[in-house]
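Look over the sequence and the structure, then read on.

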Amino acid sequence: MKKMFNNVAEIEVVYKPAISDKPIISSSLDAYNVLVKFFPIETLSLQERFVALYLNRSNRVIGVYPMSVGGITGTVVDVRLLLSVALKTAATGIILAHNHPSGNLKPSEADKELTNKIKKASEYMDIKLLDHLIIAPEGRYLSFTEEGHL
């Protein structure tokens, strides 16, 4: 950044995504196969973890951001941070994922409320919340979209 006018920095925006070799997400299984790699098998049944997958207009993966690591029964997600990453990467779609250490795939009321909050907030910025996956051990997962929760 260059210094200008009374120590105020000029902001320069550069966008050079290196995504040509990244996968395209066309199903919840595609999303699961990308996202499950961000949930260490050693702690899948111990700690709840929340990650966000960011996509471009063609549903090609831009990247994954690990939002938080929590405890046995929950983790915290800052919606502002989640959306700020989407804006910084020029994402047009988001897929969320978190694990349930208990192995229970049923979404809690807190899971549903957070998903709806993120959906509403992202709509203001023309970013589509495409899905929210709950991941459990042994290759099992639940898709909010497929289950009609989203």
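The mean pLDDT of this predicted model is 91, and 90% of its residues reach 70 or more. Here pLDDT is the predictor's confidence in each residue, from 0 to 100. Because the model is predicted, local features need pLDDT of at least 70 and side-chain atom pairs count only at pLDDT 80 or more, while totals for chains, interfaces and linings use all residues. Residues are numbered from 1 along each chain as its sequence is written, and side-chain values use heavy atoms, with hydrogens and water left out.

**Confidence by element**

- Strand 5 has the highest mean pLDDT among the elements, at 98.
- Strand 1 (residues 3-4) has the lowest, at 52.
- Where pLDDT is low, the predicted coordinates should not be read in detail.

**Overall build**

- The protein holds four helices and seven strands. Helices (H or I, at least four residues) and strands (E, at least two) are DSSP runs, numbered from the N terminus.
- Their order along the sequence is β-β-α-β-β-α-β-α-β-β-α.
- Along the principal axes, the C-alpha atoms fill a box of roughly 55 × 30 × 30 Å.
- Of the 150 residues, 39% are buried. Buried means under 20% relative accessible area, exposed means over 50%, and partly exposed lies in between (1.4 Å probe, protein chains only).
- Contact means heavy atoms within 4.5 Å. Among contacts between residues at least 6 apart in sequence, 64% join residues at least 24 apart.

**Surface**

- The accessible surface comes to about 9100 Å², and 54% of it belongs to carbon and sulfur atoms. Accessible areas come from the Shrake-Rupley method with a 1.4 Å probe; for residues, only the protein chains shown count as cover.
- Leu-87, Tyr-124 and Met-125 make a nonpolar surface patch of about 370 Å². Patches are made of residues with over 30% relative accessible area and no salt bridge; like charges are joined within 9 Å, and nonpolar side chains (Val, Leu, Ile, Met, Phe, Trp, Tyr) within 5 Å.
- Leu-87 sits in helix 2 (residues 79-88).

**Asn-99, a buried polar residue**

- Asn-99 belongs to strand 5 (residues 93-99). Its relative accessible area is 0%, so Asn-99 is buried.
- A polar atom of the Asn-99 side chain lies 2.9 Å from the backbone oxygen of Gln-47.
- The Asn-99 side chain also reaches the backbone nitrogen of Arg-49, at 2.6 Å.
- Such a polar contact is a pair of N or O atoms within 3.5 Å; within protein, one must be able to donate a hydrogen and the other to accept it, and residues adjacent in sequence count only if both atoms are side-chain atoms.
- Leaving out residues up to four places away in sequence, Asn-99 touches Phe-39, Thr-43, Leu-44, Gln-47, Glu-48, Arg-49 and Ile-135.

**Salt bridges**

- The structure holds two salt bridges. A salt bridge is a side-chain nitrogen of Lys or Arg within 4 Å of a carboxyl oxygen of Asp or Glu.
- Side chains of opposite charge can pair when their charged atoms come close.
- Arg-80 pairs with Asp-78, with the closest N and O atoms 3.2 Å apart. Arg-80 is exposed at 68% relative accessibility; Asp-78 is partly exposed at 32%.
- Lys-112 pairs with Glu-109, with the closest N and O atoms 3.6 Å apart. These two are three residues apart in helix 3 (residues 109-123), so about one helical turn separates Lys-112 and Glu-109.
- Lys-112 is partly exposed at 25%, whereas Glu-109 is exposed at 52%.

**Ile-25, a buried loop residue**

- Ile-25 lies in the loop between strand 2 (8-9) and helix 1 (28-35). Its relative accessible area is 6%, so Ile-25 is buried.
- Ile-25 and Arg-60 are 35 residues apart in sequence, yet 6.2 Å apart in space, C-alpha to C-alpha.

**Positive phi angles**

- Most residues other than glycine have a negative phi.
- Asn-59 is not a glycine but has a positive phi of about 60°. Asn-59 lies in the loop between strand 3 (49-55) and strand 4 (61-69), and is partly exposed at 28%.
- Asp-126, also not a glycine, has a positive phi of about 55°. Asp-126 lies in the loop between helix 3 and strand 6 (128-136), and is exposed at 69%.
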